[in-house]
Amino acid sequence: MADFETPHRYDAHRAGDIETHWQAKWIADDAFRAPNPGDPGFDATRPKYYILDMFPYPSGAGLHVGHPEGYTATDILTRYKLMRGFNVLHPMGWDAFGLPAEQYAVQTGVHPAITTRTAIDAFRRQLQRLGFRYDWSREFGTIDPDYYRWTQSIWLRAYRSYYDASTGRARPIAELESKIEKEDRVISFTVDVGDGKSQQSEQKWSACTPLQQQSHLDTHRLAYLGVQTVNWCPALGTVLANEEIIDGRSERGGHPVFRMPLRQWMFRITAYAQRLLDDLDLVEWPESTRAMQAAWIGRSEGAEVRFAVEEFGDLTVFTTRPDTLFGATYMVVAPEHPLIAWTLARGERKDLSQYVEWSRNRSDIDRQAESREKTGVSLGISARNPATGELIPVWTADYVLMAYGTGAIMAVPAHDERDFAFAKRFELPIRCVVAAIDASAWTGERATSEPGIACNSKNDRISIDGLSTSDATAKIIEWLHSCGRGLRRVNFRLRDWLFSRQRYWGEPFPIVFDERGMHFPVAESALPVQLPSLADYAPVQSDHPVPPLGKAKEWVHTTAGEAGVDPSMLAPSTPVRREINTMPGWAGSCWYYLRYCDPKNSSRFVGKDAERYWMGDRGVDLYIGGAEHAVLHLLYARFWHKMLFDLGEVGTPEPFAKLFHQGMITSFAFERADGSLIPTDGVREEAGTWREIGTNELVTRVIAKMSKSLKNVVTPDEVVEEYGADTLRLYEMYMGPLADSKPWNTRDIAGVFRFLQRVWRLAVDERTGAVLFAREANPDIERQLHRTIHKVAQDIERLAMNTAIAALIELVNVATRPTQMKDPSDGGLTVDQMRRFLCALAPFAPHIAEELWHRIGESSSVASASWPVVDEKQLVDDMLELPVQIQGKVRARVAVPSGADAAEIEKIVLADRKVQELLEGRTPKKVIVVPKRMINLLV
RNA sequence: AGGCCCGUGGCGGAAUUGGCAGACGCAGCGGACUUAAAAUCCGCAGAGUUAACCCUCAUCCGGGUUCAAGUCCCGGCGGGCCUACCA
């Protein structure tokens, strides 16, 4: 409350008035619009800067104070870069399709089309109240048909493309098709044989049915229909990508997930595995994120080795340790491996079929719960070890995964922990074939997987005994190759990306099926395929996937002409059914940063000129968002971008040049002696300690995530109400380093609020409202002003907003007039100094800066001012006080001219009376001088 | 279990490249103003010792490299994140 004596004080009410006034004015003046090349007002002489916040997912709960942290940082940088003469693109929009919105809708009974719009409006309102300088004319949501029309279009491009391994890039599949047709190649394809089972077959292209031809092409398309073992989550009523599963449960909701084979739309992201790995070198990303992506891609080098099985043929394994081949005493195949079906077909094997059935129905959680006790069953057949010539037994066990490598392994129990545990459990032979480097004897108590020296590894034709692991590996691969039993191979952990979801709230696929089961794309001109409005959109909880779109019967069953299939592919009257799966939540966020460059374009997903200009040579200049997207979103978006790059649609190989993760904003909670947590309102403070209300027991303050149950959630709205948006922005940035996780402490907010009050008082008389200036510039303040502006600029560039603000506070503290000062023009800043100071403050606290800027007589916006020029001469002192160390301890300080070189400094210091006293007549044996830093005397 | 990151006053943090540890803010203490309080302004403020200066100790613990270590290296302890049968 403004005191009656100081009616012109900067308080929460005044802050609110100032902020809403300027926010309305900025919007009315269209001040945030960033023109594109060719637009009026576009200045081609300026360099571009594209700064992007991670796509927010507007939830019904609205913003909490964690959201604006990254947004405030990008806003500061945006405003700063504009003042530095850049054309800045800083857009905002909404990622609004997907599971959370749909689940919220199911819970509340309100259609997701309505709940998402409401949530978006609330988010936008809250963001605008903080004064963020987004170009709102570029705003869109992934649920806008004008947007998802292009999401579908890009998907179609992937559908129409294949990865050409010879050139290492994506190309139109029509090229592949005409080549196969011309050469009339023998092609392989899958035929359904009923019962959901299928078979591989092959013959010449010309002899194939169109369905068989399509089945073959599907094995090349980048977006393809394939049968995969999927992660089925009955509770969510949908399948999930591997990336969406944590500890065997769904990332959202923590429901159990089961594996089952299903025909689904996939993305051939594995084709890009090597490039996705290699190009991590092109980007300026946090090391931890690059490491996580590399680990997810999971490249391993090794060999493929073929073991002969009587009558069946070759059983192929992948191994990273082919040098241990002589130690392979048994083999294991995954329960889903074709060898199992083959074995079962040859005769009744109840134990085997029971094991396979049991392991298939076991969720991943069960597997983990049972602490990895190895289970398995022998197939009762043998394979020949190509190195030893021995027949070794073949087992099946669920510790071998069908989805990795070939789904089969050679087991080397002496040198692999898992194989060792299995061999012990089932009493299988263990043979040491790698001796330790230190020549210590193998104890047989545990597997040794470290590299060493090969031993017990020779036959009539080859010996690798005595070779190091790497030499032995090279030699055995060469030998395997020469006798046709194996070859060098690189394997990736990355698997193809499952892109279908059995949910309602997502982009429909632009695809239809005819009665033969062939799929046909919807023509570009017929896009978007609109999501039909469904009253009952709830997922169907069941043991088998039932997509809710199936309920839109009239929409599903249509004709090729109605659906928009090119008449040259299918006659318009042909009855077809639409694809009823939808795309996953990730789809829309894979390319939104491109759409921002040219959001209204109705003929392309992004205009070429706009894309070339804003994306430049390296893509988005700075991308800020949470580390939780380190793998999923960032990997998917890179993959889409690379496809578009190959197809000539975008100009950069990578989408995001520089990435930065802001830390999490946590909160305080209180912990009892037994470790249980107490909500914030159940505790009172008493002389620096905290006691639980009621029991009066001492509790300790701990850092915890903000959560409803702990009653420690803080929303931007309440902070804005109490202090204003500028204070909130300042506090969020002042808390600590942007990258760190830091606790919200409501008590500390007062500090930055008081700072803004001092800024205000520096320029405005609180009693009269008159503007105040110093009559003349104080040279010390002038010097510090230059230094402050210099430091603020440097700190913003490295996103160290906290120290930039500290520098601004220091300056204001120095310039503040003492209460006793009778004539305000005896202190403070001159109008010219005030102008420059406000420029430096404006990126952080744009509203108060704008208000004062106008009060001191400026008419245009402070945001369009140029960043103040710093006089280099003001940054250096004439004299420096150097610490003088004797034996490495600071004992004195000596003033030296700042330009003095080492010899001069030594002379001055040794001549100093205090130094001579401390030396007591001793002569230094050694003198270390670091100009501008310190001097160290050793006696 | 493995990989990565982190550990600085009562609290949030600063120290950008190995060079004066603790900037700035919160909380605290003292003073000025006031009849008084709030607000404001001016100071103090790592710990020990001291009237004060000095001095000693101090960046989780223990070693090491260096003229010099919060910063680099090795080994512990504590916390966080990621991965988790990937052959």
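A polar contact is a pair of N or O atoms within 3.5 Å; within protein, one must be able to donate a hydrogen and the other to accept it, and residues adjacent in sequence count only if both atoms are side-chain atoms. The model here is predicted, so local features need pLDDT of at least 70 and side-chain atom pairs pLDDT 80 or more, while totals for chains, interfaces and linings use all residues. Residues are numbered from 1 along each chain as written, chains are lettered from A and ligands numbered from 1 in the order written, and side-chain values use heavy atoms, without hydrogens and water.

**Exercise 1.** Find polar contacts to RNA strand B.

Step 1: turn to the backbone. A polar backbone atom of Tyr-399 lies 3.1 Å from a sugar or linking oxygen, and a backbone N or O atom of Leu-401 lies 2.8 Å from a base nitrogen.

**Exercise 2.** Describe the surface near RNA strand B (near: a heavy atom of the residue within 4 Å of the strand).

Step 1: count the residues. There are 57, and Arg-9, Thr-320, Tyr-404, Arg-418 and Arg-893 are the closest.
Step 2: look at the RNA side.
Step 3: sort the residues into 20 nonpolar, 14 polar and 23 charged. Ala, Val, Leu, Ile, Met, Phe, Trp, Tyr, Cys and Pro count as nonpolar, Asp, Glu, Lys and Arg as charged, and the others, Gly among them, as polar.

Terms used: Near = heavy atom within 4 Å.
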